[in-house]
Amino acid sequence: MTARADQTPTACLALADGTVFYGTGFGATGIRVAELCFNTSMTGYQEIMTDPSYAGQVVTFTFPHIGNVGVNPEDDETGDPVAEGMVVKWMPTEPSNWRAVQELSDWLSARGRIAIGGIDTRRLTRAIRQQGAPHVALAHDPEGNFDIEALVAQARAFKGLMGLDLAKEVTCPQSYRWDEMRWAWPQGYARQEAPKHKVVAVDYGAKRNILRCLASAGCDVTVLPATATADEVMAHNPDGIFLSNGPGDPAATGEYAVPMIKTLLNDTDLPMFGICLGHQMLALALGGRTIKMNHGHHGANHPVKDMVSGKVEITSMNHGFAVDAATLPESVVQTHVSLFDGSNCGIALKSDDRKVYSVQHHPEASPGPQDSFYLFEQFAEAMAARR
């Protein structure tokens with residue numbers, strides 16, 4: 001893609017194969033090197049940019065209207081944007097929404113994140129689907145000075161997400177309590193004042209709305225860092241254990257997370273629930289394996305079939321690795337499957353005495369109907385039954 005003759009490009013996206021896209025930069029200036037993925041969501045760009053699962057990635061938005069509702073502090077999934085940058089078709093316009101407190105470009109600039117607009121995102125998305133998620137260098141310079149050879153070289157030198165443990169980079173530095181519940185009109189975020197279940201959530205890059213859903217299901221939540229040991233988990237005397245979402249290669253994070261989970265599985269009878277990376281950690285601990293996907297699943301319109309009930313849920317997803325269902329042992333049942341490509345989206349331990357389960361999709365994200373919130377309710381019911 002080339003800039004118009006009367007317009008000097010102020011940003012460019014250089015792919016490792018030498019392809020270069022020119023456009024208009026906004027947000028912060030500088031260079032970011034990362035893996036490129038695309039997201040098909042029509043809303044939620046702020047939640048996407050602050051989702052810790054996007055660490056190490058630049059996000060291309062297939063929907064052209066990005067930035068039109070501005071940003072506000074209530075929609076952050078963590079303190080600051082975690083995705084390295086964003087690619088959009090149309091430059092953000094002045095926001096028009098009663099909840100907006102800041103423009104997207106100013107928000108990105110203040111938080112050191114680069115963005116590029118004016119890109120043919122359909123062409124870029126097609127390339128990602130056909131060739132796999134490429135490594136890229138995203139640069140923004142208001143003067144339009146770019147060393148293309150150097151940018152392509154940086155993209156080629158990026159090692160990628162295979163073998164990369166990013167959970168340690170996005171996890172909380174120390175434990176904390178959480179009692180904020182899901183947003184509801186008109187009070188907004190209320191506090192859980194009468195929790196019934198003590199839950200330890202292991203933070204591999206937890207989204208705030210997951211913690212809110214746990215609180216709304218009646219949980220008193222204590223969040224521990226990704227490197228927490230089984231003894232540290234049990235020191236809180238929990239009724240259940242939650243394994244959060246997160247970024248990077250699950251096999252790399254599993255080097256320290258899987259032994260801890262195995263200990264909890266073998267030495268306790270506590271209910272256990274995992275989402276996204278937590279799902280992959282549980283699968284590894286139960287004897288399965290994970291694989292890198294061609295371009296992953298990133299969007300809010302993914303149909304997932306519940307193999308137990310036969311119901312189809314419309315879900316939100318964000319993952320570049322998946323559990324290989326063919327490697328699951330006989331003691332584990334596949335509970336959910338993607339209707340897009342048949343990939344695994346959920347597992348459960350075959351047990352009449354204990355509830356241990358996980359899903360690949362994000363039941364907290366509410367992409368329209370709240371199809372999957374029952375998963376949090378099942379967790380609460382399992383803890384109540386154990387009592």
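Okay, let's start with strand S4, where both faces are covered: Gln57, Val59 and Phe61 are buried on one side, and Val58 and Thr60 are buried on the other. Buried here is under 20% relative accessible area, exposed is over 50%, and partly exposed is in between, with a 1.4 Å probe and protein chains only. Before I go on, this is a predicted model, so local features need pLDDT of at least 70 and side-chain atom pairs count only at pLDDT 80 or more, while totals for chains, interfaces and linings use all residues. Residues are numbered from 1 along each chain as its sequence is written, and side-chain values use heavy atoms, with hydrogens and water left out.

Back to S4. Helices (H or I, at least four residues) and strands (E, at least two) are DSSP runs, numbered from the N terminus. And what does S4 pair with? Strand S3, residues 30–39, pairs with S4 in the parallel sense over 5 bridges, and S4 also pairs with S5 in the parallel sense, over 3 bridges. Two strands pair if DSSP finds at least two bridges between them. To pick out individual partners, Cys37 is bridged to Val59 in S4, and Val58 stands opposite Gly85 in S5.

Now, salt bridges. There are 11 of them in the structure, each being a side-chain nitrogen of Lys or Arg within 4 Å of a carboxyl oxygen of Asp or Glu. One of them joins the side chains of Asp179 and Arg191 at 2.8 Å, N to O. Asp179 sits in the loop between strand S8 (176–178) and strand S9 (180–184), and Arg191 is in strand S10 (residues 188–191), so this pair ties together parts 12 residues apart in sequence. Asp179 is partly exposed at 34% relative accessibility, and Arg191 is partly exposed too, at 47%.

Next, Glu180 and Arg212, whose side chains meet at 2.7 Å, N to O, in a salt bridge. Glu180 lies in S9 and Arg212 in helix H6 (residues 208–216), so here the tied parts are 32 residues apart in sequence. Are these two buried or exposed? Glu180 counts as buried at 14% relative accessibility, and Arg212 counts as buried at 4%.

Asp239 is in the loop between helix H7 (230–234) and strand S13 (240–243), and Arg387 is in the segment after H10, so the pair ties together parts 148 residues apart in sequence. In space, C-alpha to C-alpha, Arg387 and Asp239 are 8.4 Å apart. Asp239 is buried, at 14% relative accessible area, whereas Arg387 is exposed at 58%.

What else does Arg387 touch, leaving aside neighbours within four places in sequence? Its contacts, meaning heavy atoms within 4.5 Å, are Lys196, His197 and Asp239. With His197 there's a side-chain polar contact of 3.5 Å.

There's a network as well: Glu74, Asp75 and Arg99 are linked by salt bridges.

Last, the surface. Trp98, Trp183 and Trp185 form a nonpolar patch with about 470 Å² of accessible area together. Trp98 lies in the loop between S5 (85–87) and helix H2 (104–110), and Trp98 is exposed, with a relative accessible area of 66%.

Note on methods: Patch = residues over 30% accessible without salt bridge, like charges linked within 9 Å, V, L, I, M, F, W, Y side chains within 5 Å. Areas by Shrake-Rupley, 256 points an atom, 1.4 Å probe, with all protein chains shown as cover. Polar contact = N/O pair within 3.5 Å; in protein donor to acceptor, adjacent residues only side chain to side chain.
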